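Q: I have a structure open beside its sequence, and I would like to learn how to read its features. Could you walk me through a few of them?

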Amino acid sequence: MKKTLPIISFLALLAGACTNPLEIDFYQAPEVIILNAMLRTDDTVHFALVSRGQIDEVLPAPNAQLRCFVNGTLVAEGTCIPQEKELHTSRFEFPAKIKPGDEVRLEAVDGSLRASATVTAPEAAPLVSVDTAYVKDGHYSHSDGIRCKLQLQDLPDQDNWYRLSVRYERERFKNIFDYGDYRQDPLNFGFLEDPILRDGYQAEAERPNDFTRLFSGTTSNAYCSFKDEPFSDGSAEVEIQLPLVNNSHYSTYTFYDFETQTYVSHTIVMTAKLKFTLLTITKEEYDYLAQLNKSLHRSLDLGVLEEPVHIPGNVEGGHGFVSVASASTQVITLPLIEGSTYF
């Protein structure tokens with residue numbers, strides 16, 4: 001009896017230290033399929049991660065079969081993409097056209113193991129307008145940047161959840177060589193100052209010190225996911241600042257043409273664009289991203305004293321999370337400025 005007292009005391013301390021009740025499941029299948037995918041309506045080629053989860057390890061599943069159904073019809077079978085052996089998952093690629101309102105079902109089969117998830121693409125909220133302007137000494141290391149004002153329009157008569165992304169695209173043309181180079185650079189602007197896009201998260205600059213941050217339970221909004229509560233059934237203007245890198249520019253250079261024995265001037269033009277995408281997501285995806293965001297910003301491991309991160313799942317017969325987001329996109333071409341370029 002005396003030996004059980006320390007155990008009971010420890011469990012009482014552990015339960016009191018957590019704000020959420022612990023969910024303990026003493027039974028676990030010896031092996032299951034782990035299926036993860038985050039699909040979007042603006043993509044025509046999608047990816048899913050499939051693994052074999054065992055009690056003590058996670059293994060890739062390159063021999064698994066992945067099938068995608070849209071509204072009950074089989075539309076694609078996944079192809080496993082070769083990856084590094086050190087990775088613990090297999091990456092599958094499959095084509096599919098998904099529209100808002102479509103019911104999407106992913107099924108993964110590996111031997112006797114089966115897992116599936118069914119999700120519905122939400123209605124897409126419009127991204128009404130985007131306005132950009134240059135700013136001096138922005139909050140990105142006191143360098144020049146681009147201030148972007150976006151007008152959002154909420155879907156009426158329902159609760160909604162959103163996510164915002166920005167992609168920087170540039171295309172370079174060298175008319176002398178008739179050469180084109182197309183590149184895409186994702187921009188991470190999870191550190192935001194706009195109150196709507198922060199969605200209750202506390203910016204790093206507002207935290208007095210690390211000690212306060214340790215017990216405040218707030219983090220920066222890394223995935224830029226937010227609720228519609230501040231502008232429910234209406235519209236809102238949000239503002240972000242992006243670093244000014246590799247902007248649209250041109251440069252002129254001169255060389256001697258031996259055939260014509262004259263000096264010839266040529267201009268190199270690089271056009272740059274900002275692609276804004278407003279994703280309408282489900283509440284399940286919003287909760288999933290919130291938990292992932294929490295797991296990314298753990299500044300100190302407090303062991304049993306720290307609130308556990310519970311990653312939700314919606315896969316039947318296995319583990320993992322599958323979602324579909326509906327996209328509205330606007331593209332802004334940045335104006336040309338004179339300058340130098342690399343090639």
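A: Gladly. Let us start with burial: a residue is called buried under 20% relative accessible area, exposed over 50%, and partly exposed in between, using a 1.4 Å probe and protein chains only. Please keep in mind that this is a predicted model, where local features need pLDDT of at least 70, side-chain atom pairs count only at pLDDT 80 or more, and totals for chains, interfaces and linings use all residues. Residues are numbered from 1 along each chain as its sequence is written, and side-chain values use heavy atoms, with hydrogens and water left out.

Q: Is Asp110 buried or exposed?

A: Asp110 has 10% relative accessibility, so it counts as buried. Asp110 belongs to strand β8, residues 103–110; strands here are DSSP runs of E with at least two residues, numbered from the N terminus.

Q: Which side chain makes a polar contact with the side chain of Asp110?

A: A polar contact is a pair of N or O atoms within 3.5 Å; within protein, one must be able to donate a hydrogen and the other to accept it, and residues adjacent in sequence count only if both atoms are side-chain atoms. Here the partner is the side chain of Arg52, at 2.8 Å. For the wider surroundings we use contact, meaning heavy atoms within 4.5 Å. Setting aside neighbours within four places in sequence, Asp110 touches Ile33, Arg52, Ala61, Asn63 and Ala64.

Q: How many residues of β8 are buried?

A: The count is 6 of the 8 residues, so β8 is largely enclosed by the rest of the structure.

Q: Which strands does β8 pair with?

A: Two strands pair if DSSP finds at least two bridges between them. Strand β4 (residues 65–70) runs antiparallel to β8 and is joined to it by 6 bridges, with Cys68 bridged to Leu106 in β8. Strand β9 (residues 113–120) is also antiparallel to β8, through 8 bridges; there, Val104 has Val119 as its bridge partner. The hairpin of β8 and β9 has 2 residues between the strands, and Gly111 takes a positive phi near 65° in it.

Q: What is the strand order in the open sheet of 3 strands?

A: The order is β10-β11-β15, with antiparallel pairing.

Q: How many aromatic pairs are found, and how do I read one?

A: A pair of aromatic rings is described by the distance of the centres and the angle of the planes. Rings of Phe, Tyr and Trp (its six-membered ring) pair if their centres lie within 6.5 Å; planes under 30 degrees apart count as stacked, over 60 as edge-to-face and the rest as tilted. A search of the whole structure gives 3 such pairs. One of them, Tyr162 with Phe226, is tilted, at 5.8 Å centre to centre and 40° between the planes. Tyr162 sits in strand β12 (residues 161–174) and Phe226 in strand β14 (residues 225–227), 64 residues apart.

Q: Why is the pair of Tyr162 and Phe231 called stacked?

A: Their ring centres are 6.3 Å apart and the planes stand at 25°, so the pair is stacked. Together, Tyr162, Phe226 and Phe231 make one aromatic cluster. Tyr162 is buried at 1% relative accessibility, Phe226 is buried at 0%, and Phe231 is buried with a relative accessible area of 5%.

Technical notes
Helices (H or I, at least four residues) and strands (E, at least two) are DSSP runs, numbered from the N terminus.
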